[in-house]
Amino acid sequence: MSPILEIADLKRLAKRRVPKLFFDYADSGAYTESTYRANESDFYRIKLRQRVLVDMSGRSLETTMIGEKVKMPVALAPTGLTGMQHADGEMLAARAAEEFGVPFTLSTMSICSIEDVASVTTKPFWFQLYVMRDRDFVLNLIERAKAAKCSALVLTADLQILGQRHKDIRNGLSAPPKLTPKHLFQMATRPRWCWNMLKTDKRTFRNIHGHAKSVTDLASLNAWTTEQFDPQLSWKDVAWIKERWGGKLIIKGILDVEDAKMAAETGADAIVVSNHGGRQLDGAHSSIAMLPRIVDAVGDRIEVHLDGGIRSGQDVLKAVALGAKGTFIGRPFLYGLGAMGKPGVTRALEIIAKEMDVTMALCGKRRIAEIDESIIAENPFKG
Ligand SMILES: Cc1cc2nc3c(=O)[nH]c(=O)nc-3n(C[C@H](O)[C@H](O)[C@H](O)COP(=O)(O)O)c2cc1C
C-alpha cells in the first residue's frame, strides 16, 4: 500500500473499502455540487505569505474552542450515518478525537447513540441537535445529552428542509441498506466492511429508534425521519432550546451577515459559518468566502468557527488567519474512518496537524494566538 500522506489518500482508500452508496453519501453535495466544490477550491485562492529567518522553534497548535482546551483548532463535525462508513463509526471517531485532544460532535442522525458514545469515552463530547416537530422527542434528546455530560449543544440551523443530493436518490440510500441485488453486489465487493458490520448490532438510527413515539420498526423510522424536520423552526425556538439546555450553545449553519447578527443576539457561545458542506443550498457562497464579512460583523461579540472544504492543515490555518477561532472537519475524518476505522481518523487528524505546524512555521509563526491576517499574502474574499 502506498503511504497515506494527505487526506486525498484516505479518500481514495475509503472509496475502495466503503460500499458505493455510503461513500457517495459522504462525497456528494446538493444539485450541481457547485457549492460543495467551491468550499474546497476557494481555499486555493487565498495565498500565504512566506517569511524567513525567524525563530521557528518551540511551536504549538494548542488553543481553545468555546473555552475548552484543544490540541489544534479542529473539531470533528456532526455527520449522519457515520456508523455506515465503518461499523461503530461514531464510537471509533469519538475515541480517536478524545485521544488526539480535539472535540467530537455526535449528530442527531447518527447510527451509534448518545449513550453508545458515552460508554466508550471518558471526556465530554458535543451533541448536535436537529429540532424535530416532535418537541417531546427534542426535549428528551436534550436531557439525554445532559445525562451523557455533553459539554456543548450544536444547534444546526440550515436543515429545516432537506437539500437534494442526486446520488443518494439514484443509489436508494437507507440505513440499514435495503438488500437489493445492486446493494448486495456493492457490499459483497467490500468484505472487510461487511465483516465489521456483521460483528456489530448498531445498524440503524439509535438516537431515534426506541426513543421517538410511533417508531417501532424500520418502515416507521424512515417515515418519521422524513416528516420530522421542522420547516417552521425560527429564532424563537433558539431561545427555547437555549433555556432548556442551559449549557454552552453553538449555532451551526450561518452563511449570511444578517443571520450572524441574529445569532449573536441570542447569546449563543459560538456560530459555525457553514453551508452544511455544500449539501443544502447549492449555488450559495463557500464558507471561507463568507468568513471575513461575518467576522467583521460579529467577531467581537461571539466566537466564530468555520466548516466546509477543509482538506488540509493549510486550510485550517487560512480560516484561523481570517478570524475563525476554530474549525470543523466532516469528510476528512469520514474518509479516514471508511479507509481504516479508528486509526484512519487518527491519521486524518495527524495529517492536518502536521500540515498546520509546518505551514505555520514557514509563515514565521509559532503559536495559534499569533495567527492573523499578517500570514495572508492575497485574499480575494476580504470583508
Ligand atoms: C456525510 C455527511 C453527513 C452530514 N450529516 C450532518 C448532520 O447529521 N448534522 C449536521 O449538522 N451536519 C451534517 N453534515 C455537515 C457537517 O457537519 C459539516 O458541516 C460539513 O461536513 C463540513 O464540510 P466538509 O465535509 O467539507 O468538512 C454532514 C456532512 C456530511 C459530509
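Student: Which residue in S7 stands opposite leucine 129?
Tutor: Happy to start there; this is a predicted model, in which local features need pLDDT of at least 70, side-chain atom pairs count only at pLDDT 80 or more, and totals for chains, interfaces and linings use all residues. Residues are numbered from 1 along each chain as its sequence is written. Strands are DSSP runs of E with at least two residues, helices are runs of H or I with at least four, and both are numbered from the N terminus. Strand S6 (residues 126–129) pairs with strand S7 (residues 152–156) in the parallel sense over four bridges, and opposite leucine 129 stands leucine 155.

Student: What is the bridge partner of leucine 155 in S8?
Tutor: Let's carry on across the sheet, where two strands pair if DSSP finds at least two bridges between them. S7 and S8 are joined in the parallel sense by five bridges. In S8, leucine 155 has as its bridge partner isoleucine 251.

Student: How many of the residues of S8 are buried?
Tutor: A residue counts as buried if 20 or more other C-beta atoms, placed from the backbone, lie within 10 Å of its own. By that test S8 is mostly covered, and of its seven residues the number buried is six.

Student: Which residue of S9 is the bridge partner of isoleucine 254, and what is the hand of the crossover from S8 to S9?
Tutor: S8 and S9 pair in the parallel sense over four bridges, and isoleucine 254 has valine 273 as its bridge partner in S9. The chain crosses from S8 through H12 to S9 in a β-α-β crossover. The path from the first strand over the helix to the second runs clockwise when the strands point away from the viewer, which is what defines the hand. So the partner is valine 273, and the crossover is right-handed.

Student: Which are the edge strands of the sheet?
Tutor: Nice one to trace on screen: eight strands form an open sheet with parallel pairing, in the order S4-S11-S10-S9-S8-S7-S6-S5. An edge strand here pairs on one side only, and the two are strand S4 (74–76) and strand S5 (105–106).

Student: Which elements do the buried residues of H1 pack against?
Tutor: Helix H1 (residues 7–17) has several buried residues, including Ile7, Leu10 and Lys11. Contact here means C-beta atoms, placed from the backbone, within 7 Å. The partners are H2, helix H9 (191–199), H15 and helix H16 (342–362).

Technical notes: A residue is buried if 20 or more other C-beta atoms lie within 10 Å of its own, exposed if 12 or fewer, and partly exposed in between; C-beta atoms are placed from the backbone. Two residues are in contact if their C-beta atoms, placed from the backbone, lie within 7 Å.
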